Amino acid sequence: MSGHRQPLLMLAVAAVGVALPFVIPDYRAQIAMLWALVIMAQTWDITGGQTGYNSFGNILFFGVGMYASVVVQRDVGLDFFPGLVLGMVVGAGIAAALAVLLGSMILRMRGHYFAIATLGLGIAAGEIAGGWDYLGAGSGLSPPLFPAPPGTANLFFAYLYFGVAALVFVALAALYRTRFGLALNAIRDNEDKAEAMGLHTGVYKVTAWTMAAFVLGLVGGAMGNMLGFVDPRDTAFAGATFGVWMVLMAILGGKGTLWGPVLGAVIFHITQELLWTHLLGWQRVALGVIIVGIVVFFPQGILGWARTRWPARHEHQGHGSERA
Amino acid sequence: MSAQLTIEGATKRFGGITANEDISLEVPEGRIVGLIGPNGSGKSTLFNSVVGYHPVDGGSIRFEGREITRLRTAEIARLGLIRTFQQTHVFVQMTGLQNMAISDAEAGHGLFQLMRPVSAETRERAEALLAFCGLYGKRHLMAGELSFGQRKLLELAMALMVRPRMLLLDEPTAGINPTLINGVIERLQRANREFGVTLFVIEHNMRVIMSLAEHIHCLAHGRLLASGPPEALRNDRRVIDAYLGAR
C-alpha cells in the first residue's frame, strides 16, 4: 500500500465499518465478532509479527479481561454501562500488569523457547479459574443482562469493537512509524546486533507485550457480556479457538505488516461463517486444513506473498508511508 | 598517548579449553591497532569478552579508565565501545535508512525517546554516513538484498552512526572482493582520521593489516605471542612460525 492510497483505504474501511450494522442488520453479532477478531490479530502481531516473538499465550490476557470485567460488574454495584467500562479498564489494567510480570521473566527466552513457554499460560489460567470459587469455578460466571431490547446489544458491541479496532489501527500505524517500531523490527531481525548497538531490548519487548495485553484485556472485558456467559475454558481461556485464531489470522494476512492482520481476520471470519454451518462436526478438521494450507502456500501471508509477486508496487516503503 | 582500552590478564575458558590465557594489552586513543593470529588463536573470543558478550573468567578490562569487565553488551555499547561482526549482522528486513535510524544513539534509546518518528537530523546524518560508505543509492533497499560486501559497509556505517569512541572490527575485509577491500581500508582510515574513532581490528589479510595498523598484537594458542609495529612483526620469527605451523 503506497503512501497516498493508505488514507483512502482507511476511509473506505471506516465507511464500511460504520455502515455495515445497518446494511446487514441480521449479522450484527457476527460483525461485532469480526472487529473483535481484527483486534486480536492486530495485537498478536505486535510481538508475533513486528518483534518476532510468537506468543501462544495471549489468550491469557483476553480471559483475564473477561473475568475481571464481569467480577467488577457483579461486585461493585454500578449501572450496566459504567460498570462495563470500569470492568473493561480494570481487566485491561490487570492484563497489562500480568504482561509486565510474566514478560520480564519469559521474554528473556529467545525464539522457540519463548513460544513454548507461552503455550502453558492459557491452559494454566483456565485450570486456575476452573477451580476458584470466587470466579464461579467450573460453572463460570454470568454477566448482567444488557439493559435494552434484544438486538440492540449486538449493535452496541458491533460499534464498540469497531471503534476499538479503528483506534488500535491508527495507534499501531503511528507506533510502527516511530523509532520504537524500528527497534521492534531490529529485535526481530537480529537481537544480538540490536543489543550490540546499545538498544534496551528487554524493556522494548515487555512494553510491546504489555500494549497487546492491555488491548486484549479490553476486548475480553466486553466479550463476556456479548457472549452472555464466562466459562473458564470455552470462552475466557479458549486456547483452542480464539487463542489459535489470533495467531492464524495474523499469519494468514501477513505478519509484520499493518494491514495483514486486518485482512487475515476478515478472510478468516467470513470463511468460517460461510463454511462452518455446512461442516457440522468437521470444523476442527477444516481449521487444520486451513492451517496447513496457509503454512504451505502462504508462509509469508497474503500480503507477504503479494509483495514478492509484485515487488515494484511496494518499493521504497515499509508499512505504507515514507518512513526512514 | 594514554591507553583507551586496557586488558589485564584476561583469561577465558570454555570447558576444558582455554581460549584466552592471561592476555594483557593496551589500545591507545585515536590509533589503529591490529590483532592477528592463526585460526583458533582466540581473537574473536577476546573481542567477545571486551564487549561483554561473555564475561572473562579472570583478569580485568578497562575502557577510558572505567571498569567494564562485568558490564553487559548494551551497557558497554552505550559507553561508545562498539563491535562489528565477522559474519555481517544487519537488520535484513529493514531498509538501509531504517538500519541507520535505529542505530542513532544520540536520538536516544530510552522508551520515551523512541516514541517519536525519525527526526530530520537523524535522517540527514544517516544519509551522509551512507554516502560516506558508498551506499546512498541503495538506502531504500532491504539490507538483506545487499551483497555481502555492501552489508559489511552498512554495518560500518551503523557503527559510525553511534558516534563510537572505539570500534572493534572483526575481519572487516573477509569475504569481500579485492576491489572493495581498498574501499574499506580507505574508509576505515578516514573514519579514524576524520571522526577520531579508535580502531581495534582483527584481520587475516596481512596486506590489509600491515597497511592499516600502526601497532599489532599477535595471538597464538590463546596467548599473546608478540606485539610491535607492523615491520617488526613481519620479521618476527615466532609470528612466522605460528602462522606456518612450526612449533
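Trainee: Why is A:Tyr27 called partly exposed?

Mentor: Its relative accessibility is 46%. Buried means under 20% relative accessible area, exposed means over 50%, and partly exposed is what lies in between (1.4 Å probe, protein chains only). So A:Tyr27, at 46%, counts as partly exposed. Do keep in mind that this is a predicted model, where local features need pLDDT of at least 70, side-chain atom pairs count only at pLDDT 80 or more, and totals for chains, interfaces and linings use all residues. Residues are numbered from 1 along each chain as its sequence is written, chains are lettered from A and ligands numbered from 1 in the order in which they are written, and side-chain values use heavy atoms, with hydrogens and water left out.

Trainee: Where does A:Tyr27 sit in chain A?

Mentor: In the loop between α1 (5-23) and α2 (28-51). Helices (H or I, at least four residues) and strands (E, at least two) are DSSP runs, numbered from the N terminus.

Trainee: On to chain B: what makes β9 and β10 a pair?

Mentor: Two strands pair if DSSP finds at least two bridges between them. β9 (residues 215-220) and β10 (residues 223-228) of chain B have five, in the antiparallel sense. B:His217, for example, has B:Ser227 in β10(B) as its bridge partner. Two residues lie between the strands of this hairpin, and B:His221 takes a positive phi near 50 degrees.

Trainee: How are β7 and β8 of chain B paired, parallel or antiparallel?

Mentor: Parallel, again over five bridges, with B:Leu167 opposite B:Leu199 in β8(B).

Trainee: Which sheet has these strands, and in what order?

Mentor: An open sheet of six strands in chain B, ordered β6-β7-β8-β3-β9-β10, with mixed pairing.

Trainee: Why do β6 and β10 of chain B stand at the edges?

Mentor: Each has a single partner strand, so one side of each is left without a neighbour in the sheet.
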